[in-house]
Structure formats: C-alpha cells, structure tokens
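Please look through the model shown here.

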Amino acid sequence: MDSSEKEGLVEEHVLSTSQHSGCISNKSDLHSAETCRKSNLFSVFLEPFQWLQMLSSQLNPTFIFGIILVYGLSQGFSGSFFKVVTDYYWKDVQKVQPSVVQLYIGLYYIPWIMKPVWGLLTDVFPIKGYRRRPYFVVAGVLGGASALMVALIGNLPAALALGCLIGVAAGMAIADVTIDACIARNSIEVPLLAPDMQSLCGFCSSAGALIGYSTSGFFVHHLGAQGALILLAIPPVFIIVLGFVMYELRSSGLQSEKQKAHETLGVAMRGMYRTIKFPQVWKPSLYMYLSLAVSISTHEGQFYWYTDPKAGPAFSQEFVGVIYAIGAMASMVGVLIYHKTLKDIPFRTLLFSAQLLYGTSGMLDLIFILRWNLAIGIPDYFFVIMEECVSRIISRIRWIPMIVLSTRLCPLGIEGTFFALLMCIDSLGSLTSKWGGGIVLHTLHVTRTDFTNLWLVILIRNIMRIATLGLIFLVPKADQSEALIPPNILTKKDSNVTSHDEELELVPVMPER
C-alpha cells in the first residue's frame, strides 16, 4: 500500500471518528444545556437568599433581622392595614367629611415630624447603657396600648380616637428612627451597600404591605372597621421582642452617662446646624420637601368616590384591599427595577425622569374620575388595578433614590439624629401635602356625596407635580455611591467628643469573629 492510500485511510478514519465524536458531543451539549437551564432556574430562586446572606456577613445578622421586622411587619403590614382600616373607620364609624379626614391624617405625621427628637434620644440618652434596645420596647408598648384602646372602647369621641391613632403612628415612628440610625451608620461605613440596604427596606416594606392590604378588606368586612383595629396590636409585640434580642454593645461608665449625654446633645445640635448650612445638604433637602409638599394629596376624595354607590364605581371593602395589595406587589417590582437597573444612575438624572413619570402617570386618575375608561371599553376594575400598579412602581422608583440621597448627607457621629432630621423634613412635606389637599377639596366643595369637582382637584395636583421639575437643579449630579459632604464637616473638637460615643453604636460594620 503506497503512501497516498495510507493517507486516504487515515483521513477516512479521522473523519469517521470526528463524526462519531460530534454525535456524542451534540448529545452531551443537549444534556449540558438542560442541566444549565435547571441550574439557572435554581440559582434565580436562591439569589435573594444569597443576597441576604451576603448582607448578613458584611453587616450584622441582627441588624438585618431588625430591618425585616421594622420595615416588613411594623411599617409594611401595620402601615398598610392602618391606612385602609382607618379610612373606613373615619368614613363609616365617625362619619367624617373627606376634607376633614385629610386634616386628621395630616396629624398622623406629627410623630414622624418629631423624628429628630426620637433620634436625639436614641443617640445621646442611653438607658441602662443601651442606646437602641430600650427604644424598641418603648415603641412597642406605646403602639400596642394605643391600638387596643381605640379597638376595644366603643363610642370614642373623634378627638380621643385621633389621639389613639396618633399613638399607633408614634410607635411606628420610634421603631423606624431607631433602625434608621443603624442604617445610616452602616451606609456611611459601607457606602457600596447603601443601595442594597435601601432595596432590602423597600422590599420588606412592600412585602409587608402586600399582606396588610390583601387582608384589610376581609377583616373590615367581617370584624367592622373598629374591630379590625385590634390586629394593629400584634406587630408591637414583635417590636418589644426585638428590643430584647437585638445585639447591642453596652456602654461602660454608667455613672457619667448623664454628663456625657448633655455633652453629646450639644455636639449633635451644633453638628446638625453646621451640616444643614452646607449647600450640598440644604439644597437636596429643600427639593425633597417641595417635591412632596407641592404634590397635594387627593387620596380621601378618591377613596370616598371609589366606595360611593351612586357617583363612583362602588368598590367593595374586599376589592379595595385587593387594589392596594396588587399595588404593593407593583411596589416590589419597582424595588427590583431600581436594584437591578437604576442604582448606578446619577441622582439628578434619575429623579428628573421619575418626577416626570410621576406627573404624567397622574393623568390616569383623571381619566378614571371622568369615566373615559368606560368610553373606550375598559372596565373599572381592570383600569383601577392598572393605574394602581403604574403609580406604585413609579412612586417606589422615585422614593428610594431620595432615601439613598438622605443617607449620603449624614455626617459620621450624628448620623442617627441627622437622618431623622431629613426624614422629619420629608414627613413635614407629606403633612403639607395632606393639608393642602384637604384645603383644595374643601374649597372646591368635594364632600361625602358631591364629587362634581373632584376631577379638577386631580388636574391641579398633576400640574403641580410636573411643575416640580423646575426645582431639579437643587439635586446633585453625583452618582449614588459618591460622598456628598466633606469628611471634616464637624470640627475637630466635636469629632473627639463623638469618637467616644461611636463605641456605643448598635451595629458593628463587620461581625465579631
């Protein structure tokens, strides 16, 4: 056999071998693709748990547990349940006009406006050496007692009922400011995780709200608006438990605590004054206030119209809860959108786009009130759910970067107090929005039975939302992970005083080993 024949046989053998290998390879590739697909689905399921594990390892597990309890149970569930049940309580039990309810609801924000006071207490007035744990207990006792009183005592005067409901809100606010101090601290120490912490807060709040909204209508229907309020006494019990199990370093030298408290209080007040004078701080703070205040609230007018059997679509109690529950799910989608795609966008660009969408999406309410949806063949139940989802997603995308911005404005050493001050400004904006909306509803004669001018109130609200875009220059152009204030914003003397106080912080940056 000559060399050419040998080469031909070798080539034929190689070709057949390669074809056989190709068949095996194709089968192997199909098997690998199927395995990879299953693995990807499993990894998507595990991703949230791996994310929580990462946060727990980088921060402190009890800190993460505290966020879940406070934002998920206290704010998410209680806040949403409170919103629906108290709307029916004022409408059906106390029989109050919508404009008056707007004024009452504005008073709910008083405990939130007092957040700097709670922040000062938690920062500079430790109890038995602990700066955070006792205030969780106080928050739970106050909220639980107030909820039981308004739920169990019949025929309460409106003023006393309002006081009890403000007490429930105060319990939520004190628990919130206590955990927020820890969030602000960790956001300063680990700035790259600040968006992740806010995403966790937003997700827990939305998940809790989903449960609260979905069950609120059921309990109002079966227990009545007043009887359903008794469920608001359950979350404060868990907040009390959190006060006993939360990890916190106890300060030494209890004899000199009062003297240190007075010194630190002076440092905190001076530090807040110096910080708020910086243009990098007061400008975005002013924007956050105005963006909330200028957008007047029309919620109560719309709620009364939703449930009116003559002028409105006459939604049932259960369906109102379903609307808000689906909206809570949409809020979770908004959190995911922000976490996956928006947390690296500069503040000004993101807030401008979000505010523009916020103003234009409000026109859906106008379409619904004028019943144009029926003219184009869209049923009320479908349109209101669609409108709620769009509104919640945009609201969440608009809100989270403002919270991240607030954490970036806090100086180290008084971060709890200053973050509470910024949240107080936001609550004051919400109060202004509620009262402003109540005044407009009253001026245009929107009552329990007359909704003739409700469309005009909503149109005014939407125009004011869009007008807020003219204030976007107050927001910094910086990325969300950039430092916005100088590290030496406090004087050297103040830094020395606060350095000792920093040893008492609730959550260490890294877990103890």
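## Positive phi in two loops

Arg 371 belongs to the loop between helix 15 (363–369) and helix 16 (372–375). Its phi is positive, near 65 degrees, and the residue is not a glycine. The model is predicted, and these angles are computed from it.

Ala 314 is another non-glycine residue with positive phi, at about 60 degrees. It is placed in the loop between helix 12 and helix 13 (317–342). Ala 314 is partly exposed, with 38% relative accessibility.

## Overall build

The protein chain has 20 helices and 0 strands. Of its 513 residues, 51% are buried. Contacts reach across the sequence. Among those between residues at least 6 apart, 86% join residues at least 24 apart.

How many residues of helix 12 (residues 299–306) are buried? The count is 8 of 8, so the helix is mostly covered. The buried set takes in His 299, Glu 300, Gly 301 and Gln 302. It also holds Phe 303, Tyr 304, Trp 305 and Tyr 306.

Two packed helices are described by the angle between their axes and the distance between the axes. For helix 12 and helix 19 (residues 454–467), the axes come within 10 Å and cross at roughly 145 degrees. The crossing is left-handed. On the helix 12 side, Gly 301, Gln 302 and Trp 305 make the contact; they meet Leu 454, Ile 458 and Arg 461 of helix 19. By class, these residues divide into 3 nonpolar, 2 polar and 1 charged.

## Helix 2 against helix 8

Helix 2 (residues 61–93) and helix 8 (residues 194–228) also pack. Their axes come within 6 Å and cross at roughly 35 degrees. Here the crossing is right-handed. The contact contains 23 nonpolar residues, 9 polar ones and 1 charged residue.

## Aromatic rings

The model has 16 aromatic pairs. One of them joins Phe 218 and Phe 219, with ring centres 5.4 Å apart and planes at 80 degrees. Why is this pair edge-to-face? The centres lie within 6.5 Å, so the rings pair, and the angle is over 60 degrees, so the class is edge-to-face. Both residues are partly exposed: Phe 218 has a relative accessible area of 44%, and Phe 219 has a relative accessibility of 24%.

Ring pairs also build a cluster. Its members are Trp 305, Tyr 306, Phe 315, Phe 319, Phe 368 and Phe 383. Two of these residues, Trp 305 and Tyr 306, are also among the buried residues of helix 12.

## Charges over rings

Which residue lies over the face of Tyr 324? Lys 83 does, at 4.9 Å from the ring centre. Tyr 358 has a charge over its ring too. That charge is the end of Arg 398, 4.1 Å from the centre.

Gln 355 sits in helix 14 (residues 347–361). Is Gln 355 buried or exposed? It is buried, because its relative accessible area is 1% and the cut-off is under 20%. Leaving out residues up to four places away in sequence, Gln 355 touches Tyr 287, Ser 291, Arg 398, Arg 465, Thr 468 and Leu 469. Of these, Arg 398 is the residue whose charged end sits over Tyr 358.

Leu 165 lies in helix 7. It is buried as well, at 0% relative accessible area. With residues up to four places away again set aside, Leu 165 touches Phe 82, Thr 86, Trp 90, Tyr 108 and Val 150. Leu 165 and Ile 105 are 60 residues apart in sequence, yet their C-alpha atoms are 9.4 Å apart.

## An exposed loop residue

Where is Asn 155 found? It is in the loop between helix 6 (133–152) and helix 7 (158–189). Asn 155 is exposed, because its relative accessible area of 80% is over 50%. Asn 155 and Gln 94 are 61 residues apart in sequence. In space, they are 8.9 Å apart, C-alpha to C-alpha.

Key:
Residues are numbered from 1 along each chain as its sequence is written. This is a predicted model: local features need pLDDT of at least 70, side-chain atom pairs count only at pLDDT 80 or more; totals for chains, interfaces and linings use all residues. Side-chain values use heavy atoms; hydrogens and water are left out. Rings of Phe, Tyr and Trp (its six-membered ring) pair if their centres lie within 6.5 Å; planes under 30 degrees apart count as stacked, over 60 as edge-to-face and the rest as tilted. Buried means under 20% relative accessible area, exposed over 50%, partly exposed in between (1.4 Å probe, protein chains only). A charge sits over a ring if NZ of Lys or CZ of Arg is within 6 Å of the ring centre and within 35 degrees of the ring normal. Axes are lines fitted to C-alpha atoms, for helices over the stretch in contact, and angles run from 0 to 180 degrees between N-to-C directions. Helices (H or I, at least four residues) and strands (E, at least two) are DSSP runs, numbered from the N terminus. A crossing is left-handed if the near helix is turned anticlockwise from the far one by less than a right angle, and right-handed if clockwise. Ala, Val, Leu, Ile, Met, Phe, Trp, Tyr, Cys and Pro count as nonpolar, Asp, Glu, Lys and Arg as charged, and the others, Gly among them, as polar. Contact means heavy atoms within 4.5 Å.
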